[in-house]
Amino acid sequence: MSTKDDNGTGIVTGAAQESSQTTSRRGFLKAGAALGAGAMLGAPYIGNAQTARGVRWRMQSAWQPGTIGYRTFETWCRSIQELTSGELSIEPFPAGAVAGTFEMADAVRSGVLDGMNWFTVYWPGKMPAGVFMSAYPMALSLPHHWDMMFDSFGGRQIVDELYDRQGLVFLGHVQHDLNLIHSKVPLRSFDDFRGKRIRFPGGIIAETFAKVGVRTTLLPGGDVYPALERGTIDAADFVGPAVNYDLGFHQVADYIIMGPPSTPCLHQPVDLMDISVNKRSWSRISEHTQKLMYKFVKAYSAEHFAAIQKANHEAWPKYKEAGVEVIHLSEEDAARFREAAIPLWFEWANKDRDAARLFKVHLEVMQDPSVAVITPDDIKDYKLNF
């Protein structure tokens, strides 16, 4: 996926050292580059190898080495051989080790990788419906909302079909975290955002911020810290507190900008990941193990989410000790952002029939009395064309 276009890539996560000590961003980049180079210079790849111990998959994550996300992914991968009684083993790789983060789906489709664990927000550049596979501005805002969308309201069946067309098997969504905005300058309302150059993922998120006056820019994850350090951008959206602290964002940005207490993240409150595999690789394991893998991914989602939240709990006091100020925007700002966002929901849903199909599921969840994100009055002026 091209990174030159603001219309469809997403967050690229950063790296942290294996050591518990906090290191500089440059140290993380060196460690990640060394690990990635080592993987690329190893033995030639033979996809989905059949060994005496069973089938082996090579699976790459969007997490870079040393992050709490990658450590959790690596532990899960290494558990699979025992859990499947030796039929399947998964060899984990961090971001960039085999394929660029934006190119992971292509690498899995072609068989260069057997599977991937990436941020689902990367999909919109390949299919508009991808916008509705992970959080977008002012919509489903809590993790269980997304569990409902996928597992209770029928969204999973549509996503399964869309992945199948890509030559992939969707094993499940993986709960992750909210995203933060780290800023070099205080941004206390959307009036302060006007004219600021801020890194955001592309697509609907960048478009919503552009409507409130932001000069949005798209950067690969590895370029975000240096851009903040040099001052070529004023602020940047990135992942959650723990990973961002380990990456050293507190060293180059004195402010964290969040929504009001009722909505801590306005633009990407549930930044989902997923696990998917090549269809040919999938066909080489037994039906029994296939059924187990769906359950293992669901369990992994819970483990991953809990590990991230525990690390976040430990990270917040460190920001305070570093002198970073957390600024909460107002409820009025949230309402203003919502006004900018809702027309774009429908604009993206009307890009094609699949996007509209999936968005209809979202509308059903958002209007459910137990969710109540929107009312019919909120969307009475908009319609779907499919």
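This note goes through selected helices, their contacts and a few single residues of a predicted model.

1. Basis of the values. The model is predicted, and local features are reported only at pLDDT of at least 70, side-chain atom pairs count only at pLDDT 80 or more, and totals for chains, interfaces and linings use all residues. Residues are numbered from 1 along each chain as its sequence is written, and side-chain values use heavy atoms, with hydrogens and water left out. Helices (H or I, at least four residues) and strands (E, at least two) are DSSP runs numbered from the N terminus.

2. Helix α5 against α13. The axes of α5 (residues 155–165) and α13 (residues 353–366) come within 9 Å and cross at roughly 155°, where axes are lines fitted to C-alpha atoms, for helices over the stretch in contact, and angles run from 0 to 180 degrees between N-to-C directions. The two helices are therefore roughly antiparallel to each other, a term for angles over 145 degrees. On the side of α5, the contact (heavy atoms within 4.5 Å) is made by Gly155, Ile158, Val159, Glu161, Leu162 and Arg165, and on the side of α13 by Asp354, Arg357, Leu358 and Val361. These residues divide into five nonpolar, one polar and four charged, with Ala, Val, Leu, Ile, Met, Phe, Trp, Tyr, Cys and Pro counted as nonpolar, Asp, Glu, Lys and Arg as charged, and the others, Gly among them, as polar.

3. Helix α4 against α13. The axes of α4 (residues 143–151) and α13 come within 10 Å and cross at roughly 125°.

4. Helix α2. The end C-alpha atoms of α2, which has 16 residues, are 22 Å apart, in agreement with the 22 Å that it should span at 1.5 Å a residue, the expected span being 1.5 Å times one less than the number of residues. Its buried residues (under 20% relative accessible area, with a 1.4 Å probe and protein chains only) are Ile68, Gly69, Tyr70, Thr72, Phe73, Trp76, Cys77 and Ile80. Their cover includes β2, β3 (88–93), β4, α9 (241–246), β11 (273–278) and α11 (287–321).

5. Either side of α2. Thr67 lies in the loop between β2 (54–61) and α2 (68–83), and it counts as buried at 1% relative accessibility. Thr67 and Asp246 are 179 residues apart in sequence, yet their C-alpha atoms are 7.8 Å apart in space. Just after α2, Ser85 takes a positive phi of about 55°.

6. Met138, although not a glycine, has a positive phi of about 65°; Met138 is found in the loop between β4 (115–119) and α4 and is buried, with a relative accessible area of 10%. Ala372, in the segment after α13, likewise has a positive phi, near 55°, in a residue other than glycine.

How values were computed
Angles under 35 degrees count as roughly parallel, over 145 as roughly antiparallel, 65 to 115 as roughly perpendicular and the rest as oblique. Buried means under 20% relative accessible area, exposed over 50%, partly exposed in between (1.4 Å probe, protein chains only).
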